[in-house]
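Hi,

Here is the structure I promised to pass on to you. Have a look at it first, and then read on for what turned up.

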Amino acid sequence: MNTTLDGKVALVTGAALGIGEATARELAARGAAVLVTDVLDPAGEKVARAIRKGGGKAAFRHLDVSDSREWRKAVNAAVRKFGRLDILVNNAGIGTYPDVESETVEGWNRLIAINQTGVWLGMKYAVPAMRTAGGGAIVNVSSIFGAVGGFGGSIAYHASKGAVRLMTKNAAIRYATENIRVNSMHPGFIDTPMIVEVKGTDTEALILANTPMGRLGRPEEIASAIAFLVSDDASYVTGSELYADGGWTAR
Ligand SMILES: NC(=O)c1ccc[n+]([C@@H]2O[C@H](COP(=O)([O-])OP(=O)(O)OC[C@H]3O[C@@H](n4cnc5c(N)ncnc54)[C@H](O)[C@@H]3O)[C@@H](O)[C@H]2O)c1
């Protein structure tokens, strides 16, 4: 077991809530110094403070992942504050429901800017810092809906998550000989603020009926899988996709 992340520096996006928050806490608990980033400043500050209070190393920085200038500054801030950058978790994302015909150009462009362009920008700015550090590990958070068509809605979400899945493989090949591993994480339905609207509705019942384990996942169950992917335990794992979905995609 090599799951310790002692001495490593990580940047996690969308880390104020949900899966990102759990991931920031998990990586810090395993010894990494974590730059917690989000557009929700007070909530993000709170996560970093809680990690420090528990004896971990963390700082918060505002980062809208769709903004390339903010990306450049955030990566510089991680290196300035903690000395290097070894780990990037491209987690930030939004979900929307419109299907092929009801989606608007504005809705499409906004979601793609965050979920898809944001992931590319993260890799673009983090890789040079990782190269300086002698290598690194990137996890791009996709979804089960980056691989299957779901319920036939959320066209932009599916497009973005499918793109994240394939950008991951492309980048994995590009950096395979530079000791920079790139993998995608594919959660099923996880109990976070993202799905709060469906809790207690017929949609939740439909989700549970389609999940062989018959329950939602917990953010910590995704965080531990991400911690594996960024650790040296996964030293020969690159370009792969890890599903933590209660069996959804096994059907
Ligand atoms: N919850 C699920 O069921 C589920 C399933 C599959 C995949 N995912 C993916 O996991 C990731 C995290 O989802 P979650 O459930 O924790 O969602 P969440 O809504 O609970 O948290 C998302 C976080 O991203 C932040 N964010 C939104 N726009 C941003 C931007 N432009 N720049 C930076 N941060 C931004 C939010 O402020 C929030 O803190 C997303 O990429 C999501 O698509 C979630």
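I'll begin with the ligand's surroundings. The shell around the ligand is made up of 18 nonpolar, eight polar and three charged residues. Among the 29 residues around the ligand, those that come nearest are Asp-38, Asn-91, Tyr-157, Ile-190 and Thr-192. Please keep in mind as you read that this is a predicted model.

Two of these residues have a polar atom facing an oxygen atom of the ligand, each in its own way. For Asp-38, a polar side-chain atom lies 2.6 Å from a ligand oxygen. On its own the ligand has 820 Å² of accessible area, and the protein covers 93% of that.

As for where the ligand sits, the space it takes is the largest pocket. Two or more residues of the shell come from each of the elements α1 (18-29) and α5 (155-174).

Now to the fold. The protein chain contains seven helices and seven strands, and along the sequence they follow the pattern β-α-β-α-β-α-β-α-β-α-β-α-α-β. The chain is as compact as a globular protein of its length, because its radius of gyration is 17 Å, close to the 18 Å that the globule rule gives for 251 residues.

Best wishes

Notes:
Residues numbered from 1 in each chain as written. Predicted model: local features only at pLDDT ≥ 70, side-chain atom pairs only at ≥ 80, totals over all residues. Heavy atoms only, no water. Near = heavy atom within 4 Å. Polar contact = N/O pair within 3.5 Å; in protein donor to acceptor, adjacent residues only side chain to side chain. Areas by Shrake-Rupley, 256 points an atom, 1.4 Å probe, with all protein chains shown as cover. 1 Å grid on protein atoms, 1.4 Å probe; cavity = no way out; pocket = protein on both sides within 12 Å on 5 of 7 lines; lining within 4 Å. Sits in = over half its atoms within 2 Å of the grid points. Helix = DSSP H or I, 4+ residues; strand = E, 2+ residues; numbered from the N terminus. Nonpolar A, V, L, I, M, F, W, Y, C, P; charged D, E, K, R; others polar. Rg over C-alpha atoms; globule rule 2.2 N^0.38 Å.
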